[in-house]
Amino acid sequence: MINITNYYEGRDLGCCYASKGSMFKVWAPTASLVSLVIYKDSGRYNRLGQVTRHNEGTEIVMVKDVDGVWSSYCERDLKGLFYMYKTEFTDGIVHYVVDPYAKAVSANGERTAIVDLKMTDPLGWDEDVKPALCHPTDSILYELHVRDFSIHPDSGVVNKGGFKAFTEFGLKDVNGNTLGIDHLEELGVTHIQIMPVFDFKTVNELNVGHQDASISEYNWGYDPQNYNVPEGSYASDASNPAIRIIELKEMIQALHRKGIRIIMDVVYNHTYLVEGGPFETIVPGYFYRTDDSGRYTDGSGVGNELATERPMVRKYIKDSVRYWAEEYHIDGFRFDLMGLIDTLTMKEIADELHDEVDRSIMIYGEPWTGGLSPLTHQTLKGTQRGTKISMFNDHFRSAIKGDSDGTGRGFATGESGKEWAIWNGVCASIHDFTESPMETINYVTVHDNLNLWDKVLTTEGLRQEAGMLDIFGGLRADSVEVKLTETADPYKSVDPKQPLTSDVVRRSLLANGIILTSQGIPLIHAGDEMLRSKFGDHNSYQSGDSINGIRWDNKGKFQAVFEYYRGLIELRNNHPAFRMHTRAQIEKHLEMLQCSGNVVAYQLKNHAHGDIWRNIVVIYNGNKDAVAVDIPESTAGWNITVNDQKAGTSLLERVIGDTVLVPRLSIMVLYQEQRPTLLEKRM
């Protein structure tokens, strides 16, 4: 690392466009000369989608100030043109670089584009209203990849694979089942956690939609290139710099109109490249962590890690998330490998967003790293206490399902002795690493590792019968992959007429049923409600549409499963007892009834968190046989609202006495009416 003390406090780095003239600023304190280079077009692309010649533009020497900022003002309307910076150093090295603060770029991010951001606002953008959110624990998160959502032929979407797919309303399959964004509204989730939509490196945007099946253009997007620009492969025209901006805003606007907030998955822990990336060619040796010998450290597992503890790196991240929150109306941020971001940076991000932008913005992330890092103050579990930052709860995850990719079991997948770990998760891990329920993101599976259906098939020993793939993350979107998925049958063990009798189905419902009835913030993976399979691929980051695309025909096939999920979400949304705010509330209202014999049972008592139901009993049965469970006696009886066949808020059955028979591998929820009987008052 070189010693740089220059610091710039302004929030106007990049291009500040106006029709009468535009100001350009870039922080490059060690450069001997920086020039602004203006181009009439996006340049000539080679067959790889790259522009390699940049010396034909109009060069304007910039002026350096004491903070290390180079600036230039162009007194004319530059809208529609492109630019780069030419950086020169004392050792004779010269680079042409895209502005790291770029707000718009050409296809594949090869040049920075000059746009009028006001002209990218869709009709009614100024009146865009975020759906109400009283408290983070009122959230139900749903992780989703833009392309996966609509690329399958059964999606019913016209504009498949991109931002515009979320703006198509009224879609139904032949049986009248809702599709697309209407499906999300029907399901009842409150937030979409969208996988990376910033401009990433590993997809050639000019090849998206190519008819040649041997050309694969799929990636999850954890390969940052231009942090403040939407990804072009999700736009209807990647060559028009404004279109991706417009269409992402239209997507967000459509979700807001459906009552759904949007969480942006952000990757400020590494970049796809160092040389050729967004920073090294502007301030060499500053933006990345190195060891004592000057080698890049690899806490991310992909070759580099950003030095977030350095003042101008910290400022870059803070400016970036604030830009997304203000310009795009983003409602929250999920930080990839948050353990690689220092605790002070995360605290300052949370404070600035909550104090100066929007107090309802959610901030959470992965409290771990991808490898060893020299960072001393890592944002790990426990460091978030009292900061309004939430953490993915891998302790709870592992207790429920076992390991992530193998045959290791948890409570829902057949392992004994996990009852206390489940109870700890039910209590929002307040006796583990959290100070309050809002600090835990409870989940079983997300995009990484085996998805829920494939994991349960694996623990049940049904992979071979289902024809699951043994190639992990190595498949590309070609004819071989298509044939492999066509010969597999992930649902061979399921009776299509009675899917809820299947042990695999019951275990998957039990797993997410625990998540949706526990204290904290629940998250489910897109397609869980339709028994989505990725054919055994545990790392499908580049495996293409045949593996990753959501198969919407499953909604009709497994309607009972969808309705069960919808009922659990309805229950949570309508009953605040499942959404308590504080440790004190949990300790007052949450009472354990049983925590043994592969059964966890508890009571939410005395109108917990103002719930209209006086007492609620929740029971998880991880046994392969029905179990009689003791419950508090009530002369008026207990009303069952969730059993092994249905879930929701409606009365399914009433039981009298102090025991209830809970079917195998299932969840049961019972409640008492608002008012106790006279006899109960005397008891």
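Tutor: In this predicted model, angles under 35 degrees count as roughly parallel, over 145 as roughly antiparallel, 65 to 115 as roughly perpendicular and the rest as oblique.

Student: OK, so at what angle do the axes of helix 6 and helix 7 cross?

Tutor: The axes of helix 6, residues 394-401, and helix 7, residues 419-426, cross at roughly 140° and come within 9 Å, and the two helices are therefore oblique to each other.

Student: What's the handedness of the crossing of helix 6 and helix 7?

Tutor: Helix 6 and helix 7 cross in the left-handed sense.

Student: Switching to cysteines: how many disulfides are there?

Tutor: The count comes to zero disulfides, given that a pair of cysteine sulfur atoms has to lie within 2.5 Å. For Cys-427, the closest cysteine sulfur belongs to Cys-595 and is 9.1 Å away, which is too far for a bond.

Student: Is Cys-427 buried or exposed?

Tutor: Cys-427 counts as buried, at 4% relative accessibility, whereas Cys-134 is exposed, with a relative accessible area of 77%.

Student: What about helix 2, which residues are buried there?

Tutor: In helix 2, residues 180-187, six of the eight residues are buried, namely Gly-180, Ile-181, Asp-182, His-183, Leu-184 and Leu-187.

Student: What covers them?

Tutor: The cover over the buried residues of helix 2 includes strand 10 (141-144), strand 11 (191-194), helix 1 (146-150), helix 3 (241-257), helix 13 (553-557) and helix 14 (559-574). Just after helix 2, Gly-188 takes a positive phi of about 100°.

Notes:
Residues numbered from 1 in each chain as written. Predicted model: local features only at pLDDT ≥ 70, side-chain atom pairs only at ≥ 80, totals over all residues. Heavy atoms only, no water. Buried < 20%, exposed > 50% of the residue type's maximum accessible area, 1.4 Å probe, protein only. Helix = DSSP H or I, 4+ residues; strand = E, 2+ residues; numbered from the N terminus. Contact = heavy atoms within 4.5 Å. Axes fitted to C-alpha atoms, helices over the stretch in contact; angles between N-to-C directions. Left-handed = near helix turned anticlockwise from the far one by under 90°.
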